[in-house]
Amino acid sequence: MIYRLHARGIGKKGDIFNEDSISSFESRVKKILDNKGTCTLIIIGSPGTGKTSAAKEFIRRGFLSFEKEKTYVIDDLRGENGERYTKKSIRHFDHLQYGKLLILIDYRAAWYLKNADIGLFITLNEDKRLMNLKSRSPRSLRRYKKRFYRNPPIPYTYNYKDFYICKENLLTILNS
């Protein structure tokens, strides 16, 4: 529970991710790539915020100005080629090639990978999120509409300077 309170605090203090801040976000990722050789980006958010839709788009065409050959996307513990990962294997993900951007997308991504370079926290208003869940399936709506799922857990190894906050649909911002 305390990690969800930490997530709420990060959601209020993190840098806003919108059309105006895409260039600063991209330059930060490129700077990390230049310094370390690889960059790990986690994308978190409640169920129904569009994380899987964004992952499919990143696999198809890449992320921002990074071509799809320079990115590796893991969505809900599944890699681009269908390989499955466990929570433990994500923590020790070391087979990333030099110059690649790893994008880990999951509700608990911050919990699985406690040392990511940068994070993107997607928050939608509750009505929009519930509408997305309802369009997915009635079962998803019943399961994920609970208050428990509103804030994903974020461990205290992260602070608000590590996160950008996206308060709209991520694909809408990236396609504009």
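Mentor: Keep in mind that this is a predicted model.
Trainee: Which residues of α3 are buried, then?
Mentor: In α3, which spans residues 51-61, they are K51, A54, A55, E57 and F58. Viewed down the helix axis, these buried residues fall within an arc of 165°, so they line one face of α3.
Trainee: Why would residues spaced like that point the same way?
Mentor: An α-helix has 3.6 residues a turn, so residues three or four places apart point the same way.
Trainee: And what is exposed on the other side of α3?
Mentor: K56 and R60 are exposed there.
Trainee: What follows the helix?
Mentor: G62 follows α3, and its phi is positive, near 95°.
Trainee: Okay, switching to strands. How many residues of β5 are buried?
Mentor: Five of the five, so β5 is largely enclosed by the rest of the structure. I118, L120 and I122 are buried on one side, with G119 and F121 buried on the other.
Trainee: How does β5 pair with β2, parallel or antiparallel?
Mentor: Parallel, with five bridges joining them. In that pairing, I42 stands opposite G119 of β5. β5 also pairs with β6 (residues 163-166), again in the parallel sense, over four bridges, and there I122 stands opposite C166.
Trainee: Last topic: which residues touch the most other members in the largest nonpolar core?
Mentor: F17, L41, I43, F58, F63, I103 and L170, out of 27 residues in that core. Elements giving two or more residues to this core are α2 (22-36), β2, α3, β4, β5, β6 and α8, and α2 gives the most, with five residues.
Trainee: What does F63 touch?
Mentor: Not counting residues up to four places away in sequence, F63 touches F25, L41, F58, T71, L101, I103 and L174. There is also a second, separate core of 20 residues, with Y85, A109, L113 and I165 among them.
Trainee: Great, thanks!

Conventions:
Residues are numbered from 1 along each chain as its sequence is written. This is a predicted model: local features need pLDDT of at least 70, side-chain atom pairs count only at pLDDT 80 or more; totals for chains, interfaces and linings use all residues. Side-chain values use heavy atoms; hydrogens and water are left out. Buried means under 20% relative accessible area, exposed over 50%, partly exposed in between (1.4 Å probe, protein chains only). The arc is that of the directions from the helix axis to the C-beta atoms. Two strands pair if DSSP finds at least two bridges between them. A nonpolar core is a set of buried Ala, Val, Leu, Ile, Met, Phe, Trp, Tyr and Cys residues joined through side-chain atoms within 4.5 Å. Contact means heavy atoms within 4.5 Å.
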